[in-house]
2 protein chains.
Amino acid sequence: MKYGVVAFPSKKLQDLANSYRKRYDPHYALITPHMTLKGVFEANDSEIEELAKNISKVTNQHKPFKLQTTSISSFAPVTNAIYFKVIQSEELLKLHQDLHHESLGSKAEYAFVPHITIAQKMDSGEHDDIYAQLRMTGVDHEEIIDRLHLLYQLEDGSWTVYETFRLNGAEN
Amino acid sequence: MKYGVVAFPSKKLQDLANSYRKRYDPHYALITPHMTLKGVFEANDSEIEELAKNISKVTNQHKPFKLQTTSISSFAPVTNAIYFKVIQSEELLKLHQDLHHESLGSKAEYAFVPHITIAQKMDSGEHDDIYAQLRMTGVDHEEIIDRLHLLYQLEDGSWTVYETFRLNGAEN
């Protein structure tokens with residue numbers, strides 16, 4: 001089965017992201033707006049209980065973090081995906097790194113660029129048009145994320161939450 | 001904000017439900033297949049933390065329960081919704097009742113008929129056609145549900161998981 005770990009931002013930021021995703025993201029109906037902390041990985045039923053325990057160990061060591069967005073950016077030309085850029089921070093990097101520890105199986109495939117996707121799977125012309133419109137838009141938002149979710153994917157591509165993990169680490 | 005409490009069945013049962021929902025349920029893209037334990041209720045940000053605590057008290061007193069389906073049924077003529085009928089049990093009734101305790105705000109609007117919706121919002125002719133096809137179909141499935149999820153609704157109608165609660169009650 002396919003799993004992933006994400007943070008869902010507040011309703012306010014999700015509603016804003018969906019106002020774009022509705023038109024520009026074919027994954028719109030498969031999952032609500034999110035920031036991925038651990039991309040798709042495979043695990044079977046017996047492995048996942050162990051993995052969930054290890055994720056919980058990680059979230060117990062991390063405290064709630066600030067999710068701050070300022071602008072819209074794009075991964076083009078690597079991939080035609082447009083996103084709310086989330087400001088990188090040491091705590092986010094460390095959280096991402098800990099979620100890719102060897103006790104959690106999969107290694108990170110890419111450098112971690114925290115983001116909330118709002119448009120993807122467009123051809124280059126379409127991408128360039130939309131990005132030209134959106135890149136000047138500010139997305140001035142700040143909130144505290146205090147939990148992560150472990151999800152699994154159904155056959156139709158949609159995602160269901162398996163478990164929620166509070167970021168329980170002591171405040172510094 | 002609108003909240004609800006549901007149980008998501010296993011991937012296997014969700015995939016089966018989605019094979020129908022894809023065609024017959026306009027809520028298909030808004031939420032993955034689920035059994036509602038506490039229907040839509042309103043709460044603000046300060047109330048929800050208290051409610052979540054009280055839900056957690058309930059789930060800590062209940063143990064994992066058996067979800068068993070055998071057949072497809074319909075709520076017509078009350079409403080044109082077709083569903084996997086979930087066998088009623090004392091523990092399910094008690095769980096539903098506890099989730100409608102006064103410390104949890106809303107009372108149950110209807111008698112509790114545990115079910116997983118697979119078709120809805122059809123006109124009567126459409127409903128009767130589809131139900132005639134499906135009512136003879138067996139849905140012979142049994143599994144253990146060991147967690148509930150508290151969800152909130154976005155402006156576009158889709159649902160995001162806010163928190164997961166393990167059914168932590170001691171085994172009898």
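User: What ground rules apply to the model and its numbering?

Analyst: Residues are numbered from 1 along each chain as its sequence is written, and chains are lettered from A and ligands numbered from 1 in the order in which they are written. The model is predicted, so local features need pLDDT of at least 70, side-chain atom pairs count only at pLDDT 80 or more, and totals for chains, interfaces and linings use all residues, while side-chain values use heavy atoms, without hydrogens and water.

User: How many helices and strands does chain A have, and what makes a run count as one?

Analyst: Chain A has 4 helices and 8 strands. Both are DSSP runs, numbered from the N terminus: helices are H or I with at least four residues, strands are E with at least two. From the N terminus, the order is β-α-β-α-β-β-α-β-α-β-β-β.

User: How do you know whether the radius of gyration of chain A agrees with that of a compact globule?

Analyst: The radius is taken over C-alpha atoms, and the globule rule is 2.2 Å times the number of residues to the power 0.38. For 172 residues, a compact globule would have a value near 16 Å; chain A has 16 Å, so the two agree. The C-alpha atoms of chain A fill a box of roughly 45 × 40 × 25 Å along the principal axes.

User: Why is A:Tyr20 called buried?

Analyst: Buried means under 20% relative accessible area, exposed over 50%, and partly exposed in between (1.4 Å probe, protein chains only). A:Tyr20 has 13% relative accessibility, so it counts as buried. Buried residues make up 52% of the 172 residues in chain A.

User: Where is A:Tyr20, and what is it in contact with?

Analyst: A:Tyr20 belongs to helix α1 (residues 11–24) of chain A. Contact means heavy atoms within 4.5 Å. Leaving aside neighbours within four places in sequence, the contacts of A:Tyr20 include A:Ile72, A:Phe84 and A:Leu134.

User: Is A:Gln120 buried or exposed, and what makes it so?

Analyst: The relative accessibility of A:Gln120 is 16%, so this residue counts as buried. A:Gln120 sits in the loop between β5 (115–119) and α4 (124–134) of chain A. Beyond neighbours within four places in sequence, its contacts include A:Tyr24, A:His27 and A:Asn80.

User: What is the phi of A:Lys121, and why is this residue called exposed?

Analyst: A:Lys121 has a positive phi of about 60° although it is not a glycine. Most residues other than glycine have a negative phi, and most peptide bonds are trans. A:Lys121 lies in the loop between β5 and α4 of chain A. At 61% relative accessibility, A:Lys121 counts as exposed. In chain B, B:Lys121 also has a positive phi of about 60°. B:Lys121 is exposed, with a relative accessible area of 62%.

User: Which residues does a cis peptide bond join in chain A?

Analyst: A:Ala76 and A:Pro77 are joined by one, with omega about 5°. A:Pro77 is in the loop between β3 (65–74) and β4 (82–86) of chain A. Chain B has a cis bond between B:Ala76 and B:Pro77, where omega is about 5°.

User: How do you know how chains A and B are related?

Analyst: Copies are superposed by least squares on the C-alpha atoms of residues with pLDDT of at least 70 in both. A rotation of 180° with 0.0 Å of shift along its axis superposes chain B on chain A (RMSD 0.0 Å). The two copies are thus related as by a two-fold rotation axis.

User: What makes the surface through which the copies meet the same?

Analyst: Of the interface residues of chain B, 100% are also interface residues in chain A, so the copies meet through the same surface.
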